[in-house]
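This report describes a structural model in terms of its domains, its ligand surroundings and its backbone geometry. The sequence and coordinates are shown first.

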Amino acid sequence: MATLQALLFDVDGTLADTERDGHRPAFNMAFAEAGLDWVWDEALYGQLLAVTGGKERIRYYLDAFNTTFEKPDDFDAFVKGLHEAKTRFYTQLMAEGKIPLRPGVENLILEARAAGMRMAIVTTTTPANVTALLESTLGPGSEDWFEVIAAGDIVPAKKPAPDIYEWTLREMKLSPEEAIAFEDSGNGVRSSLGAGVKTIVTVNGYTRDDDFSGAALVRDHMGVSGLPFGLIAASETTHDRLDLKCVRAIFANRATA
Ligand code: XBP
Ligand code: MG
């Protein structure tokens with residue numbers, strides 16, 4: 001059996017709860033700045049999350065929820081401009097440090113780093129957003145802890161397509177059997193499993209009811225000492241938090257250490 005060589009982390013929803021309180025308000029700020037009366041409330045945003053990628057999400061909104069809006073002639077440039085403004089607002093929000101990492105995330109990353117485990121970021125979001133989140137939470141220079149940061153438009157087909165995971169594995173010269181992924185959504189799991197990578201899921205309010213068939217473990221968060229993770233879908237483990245020992249056991253299909 002292959003040995004575990006790398007941890008592959010999704011960002012939004014997995015490292016931090018960025019969607020509701022980061023991306024969503026940043027989209028709304030960009031719309032207001034552009035003089036648009038669009039407001040994405042929490043419920044609508046949950047529906048819009050069906051489509052990954054900010055530019056793709058704006059298009060989906062107009063196609064499915066705001067069909068009377070008259071698209072300008074230079075529609076591509078219009079969407080690009082709105083999205084650039086959204087990224088500006090999002091990175092400002094991150095710099096203000098308002099969004100913490102989810103329970104257990106920092107512990108696992110620090111433990112993996114100390115153990116010399118290879119790590120990568122595999123996300124649909126814009127690269128600048130990854131930098132802003134990592135710097136505001138793990139500190140300046142922390143993105144260098146990740147050998148590869150696969151983000152945004154680096155592959156044309158975003159999650160749930162497996163392309164971003166396949167790209168990352170190629171860059172790291174790894175086979176899918178040598179890595180494990182951390183995801184929070186059905187789209188993310190379809191992407192990682194589609195690339196053949198075993199996947200651990202921690203859910204959030206938006207993704208709790210997604211389809212996680214095929215995932216190795218589904219829990220409410222990673223868990224820390226004093227705050228054990230809770231069961232979402234039955235999958236065997238005697239561990240109560242995702243430390244490296246637990247991750248290695250899941251990787252090896254063992255319920256116990
Ligand atoms: C993340 C996303 C992204 C962000 C927006 O999905 O869906 O679209 O919401 O980011 P995942 P951008 O966690 O599966 O990677 O606006 O920068 O595209
Ligand atoms: Mg995610």
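## Ligand surroundings

In this predicted model, a backbone N or O atom of T124 is placed 2.8 Å from an oxygen atom of ligand 1. The neighbouring entries concern side chains. For T125, a side-chain N or O atom lies 2.8 Å from an oxygen atom of ligand 1. For K86, the corresponding separation between a side-chain N or O atom and an oxygen atom of ligand 1 is 2.6 Å.

Around ligand 1 there are 18 residues. Those that come nearest are G53, G54, R57, K86 and T126.

## Domain arrangement

The chain is divided into two parts: domain 1 is made up of residues 6-17 + 100-251, and domain 2 spans residues 19-95. The centres of domain 1 and domain 2, taken over C-alpha atoms, are 25 Å apart.

## Interface between the domains

The size of an interface is often expressed as the accessible area that is lost when the parts come together. Here domain 1 and domain 2 bury about 1,400 Å² between them, and 52% of this area is on carbon and sulfur atoms. On the side of domain 1, the residues that lose the most area to domain 2 are D12, N129 and Y206, which together account for 40% of what that side buries. In terms of contacts, 15 residues of domain 1 meet 20 residues of domain 2.

Two salt bridges are counted between domain 1 and domain 2. A salt bridge also joins the side chains of K158 and E56, with an N to O distance of 3.2 Å. Residue pairs in polar contact between domain 1 and domain 2, both at pLDDT 80 or more, number seven. Helix α6 (residues 127-137) supplies five residues to the side of domain 1 that touches domain 2, the largest share of that side. Sorted by class, this side of domain 1 has four nonpolar, six polar and five charged residues.

## Backbone geometry

Most residues other than glycine have a negative phi, and most peptide bonds are trans. Two places in the model may be read against that background.

The peptide bond that joins K159 and P160 is cis, with omega about 15°. P160 is located in the loop between β3 (148-150) and α7 (163-172). K173, a residue other than glycine, has a positive phi, near 55°. The position of K173 is in the loop between α7 and β4 (179-183).

Terms used
Residues are numbered from 1 along each chain as its sequence is written. Chains are lettered from A and ligands numbered from 1 in the order in which they are written. This is a predicted model: local features need pLDDT of at least 70, side-chain atom pairs count only at pLDDT 80 or more; totals for chains, interfaces and linings use all residues. Side-chain values use heavy atoms; hydrogens and water are left out. Domain bounds come from an automatic or database domain assignment. Contact means heavy atoms within 4.5 Å. Buried area is the accessible area (1.4 Å probe) that two parts lose on being put together, summed over both. A salt bridge is a side-chain nitrogen of Lys or Arg within 4 Å of a carboxyl oxygen of Asp or Glu. A polar contact is a pair of N or O atoms within 3.5 Å; within protein, one must be able to donate a hydrogen and the other to accept it, and residues adjacent in sequence count only if both atoms are side-chain atoms. Helices (H or I, at least four residues) and strands (E, at least two) are DSSP runs, numbered from the N terminus. Ala, Val, Leu, Ile, Met, Phe, Trp, Tyr, Cys and Pro count as nonpolar, Asp, Glu, Lys and Arg as charged, and the others, Gly among them, as polar. A residue is near a molecule or strand if one of its heavy atoms lies within 4 Å of it.
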